[in-house]
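Visitor: I am new to this structure and would like to learn how to read it. Could you take me through a few of its features, one after another?

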Amino acid sequence: MMSVFDDLMAFQRETEALAQISGRLGWDQETMMPRGAAEQRGEEMAALEGVLHARRTDLRLADWLDEAEPQDDEDAAQLRLIRRSYDRATKIPADLAQRLARVTSTAQGIWADARAADKVADFLPTLAEVIALKQQEAAALAQGGDLYDALMDDYEPGATAETTAAMFDRMRPRLVRLRAAVLEATAPPKLDHHFGENAQMRFARDLAARFGYDFTRGRLDLAVHPFSSGSGSDVRITTRVVETDPFNCFYSTIHEVGHACYELGIDPDYLLTPLGAGVSMGVHESQSRVYENQLGRSPAFTGWMFRQMIDRFGEFGVDSPEDFARIVNRVQPGFIRTEADEVHYNLHVMMRFDLERALIRGDLAVADLEAAWNDRFLADFGVAVDRPAHGMLQDVHWSVGLFGYFPTYTLGNVYAGCLHQALRRDLPDLDDQLSRGNLAPATGRLREKVQRHGGRYEPRDVIARATGAAPTEAPLLDYLDAKFGALYGL
Ligand code: ZN
């Protein structure tokens, strides 16, 4: 006898399978698709999106959700996630969803052109339109509650703007202080060598495997922007190669491996169910960041990497593992978030969070955004923005309607700090292992404590269960002070 719960899960499984197909079309578009196929691909993806939307708002879901009886906590968690998705899909009026899809699809092109031409004015009318629609969407979702919270909930369920803002305000002074101290110290030597593409990709593959990436259930390709795509038994990653800066390729790869290992590490019983995906963008980013930074950029691991690179590329003008560690962990002021080091990165995010929250609340007019951006950048970074492409036009997020997404980057770093502290406590010989290029003890523990649970627990609970304490910003800030203090002799 099929129960109502079984019927619901069978339906959901098909929806999840279709969503995976949609994701794979997206992967193909960025890696393999012939250029001339773009228009047809747009139509294919829109058709699939229509099918998915119809399934996510299918009227039978309401009855099933009312009548389904969970047999255990896992069933209850599945129902909770299906209900969340159903409520969200049905709260937003269909015509609003369509207008948002239409405006954001053209807005991305307008933003890209405005950025290339360095013309803020070309983007502002479109941005105003996107914000107005996102405000309507937020109002439909919030039903009287905070608009920004409603948007953030899509990416980090349970997080609120108020607690996030309070945490960011506690973090900022310490980061600004650390930045100032590091920039006064002696800078690491410059890297001046050519690192061939094929050798870079070979090492990237080796790094991916060392960090636990399973090439029988994934693949590594080149793309303009590194990303990870898919879940279950097919999780693919991309990277890029800059022949004068090999760390771009290596650390993009390790970062995406962290995202991919989260998806690959989920309990196979959850395959193609709501529990079979990472629980939030913040927890996702905690995996990519702890792989990339706390493990991959640790002086213990870069010591191993230094010897590997000499074997693979020959002498490249760096004399010691100490200098190499400082080069890998170079801190330098810069305008661009995606190129920022560990000390600067969160300052970029906090600034975007405050600005976009003010935009959504209507406290900041689109016309005043550029001035607000530039004032804030000068205050936090000590440098004046030289052109809009280096300022408010640098990120794609706002053009495609991603409001409430930025704070999850820093939440991910905060969670990574907590997980790293727990790893150090639980694995006393961690540095020993890292210095031999052995990531297995650390990544195995993260799989066991975080990754395997998928969507089973709420974001903060996953971290609390993994570390034994509710997440706070202190471990990340202590780690940054200690690491950069030692590297820069502060
Ligand atoms: Zn990431």
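Visitor: Is arginine 80 buried, partly exposed or exposed, and why does it count that way?

Guide: Buried means under 20% relative accessible area, exposed means over 50%, and partly exposed lies in between, with a 1.4 Å probe and protein chains only. Arginine 80 counts as partly exposed because its relative accessibility is 31%. Please keep in mind that this is a predicted model, in which local features need pLDDT of at least 70 and side-chain atom pairs count only at pLDDT 80 or more, while totals for chains, interfaces and linings use all residues. Residues are numbered from 1 along each chain as its sequence is written, and side-chain values use heavy atoms, with hydrogens and water left out.

Visitor: Which side chain does arginine 80 meet in a salt bridge?

Guide: A salt bridge is a side-chain nitrogen of Lys or Arg within 4 Å of a carboxyl oxygen of Asp or Glu. Here the side chain of arginine 80 meets that of glutamate 458, at 2.5 Å from N to O. This pair links distant parts of the chain, 378 residues apart, since arginine 80 is in helix α4 and glutamate 458 is in the loop between α18 (440-449) and α19 (459-467). Helices are DSSP runs (H or I, at least four residues) and strands likewise (E, at least two), numbered from the N terminus.

Visitor: Where are the partners in the salt bridge between arginine 88 and glutamate 137?

Guide: The closest N and O atoms of arginine 88 and glutamate 137 are 3.5 Å apart. Arginine 88 is in helix α4 and glutamate 137 in helix α6 (residues 120-142), 49 residues apart. Glutamate 137 counts as buried because its relative accessibility is 7%, whereas arginine 88, at 25%, counts as partly exposed.

Visitor: How many salt bridges does the structure hold?

Guide: The structure holds 39 salt bridges. One of them joins glutamate 285 and arginine 289, at 3.1 Å from N to O, and both of these residues are buried. Being four residues apart in helix α11 (residues 281-295), glutamate 285 and arginine 289 are separated by about one helical turn.

Visitor: In what order do the three strands of the open sheet stand?

Guide: Strands of a sheet pair through backbone hydrogen bonds, either parallel or antiparallel. Two strands count as paired if DSSP finds at least two bridges between them. In this open sheet the order is β1-β3-β2, with mixed pairing. Because β1 (220-222) and β2 (228-229) stand at the edges, each with a single partner strand, one side of each is left without a neighbour in the sheet. Strand β3 (residues 236-239) runs antiparallel to β2, and two bridges join them.
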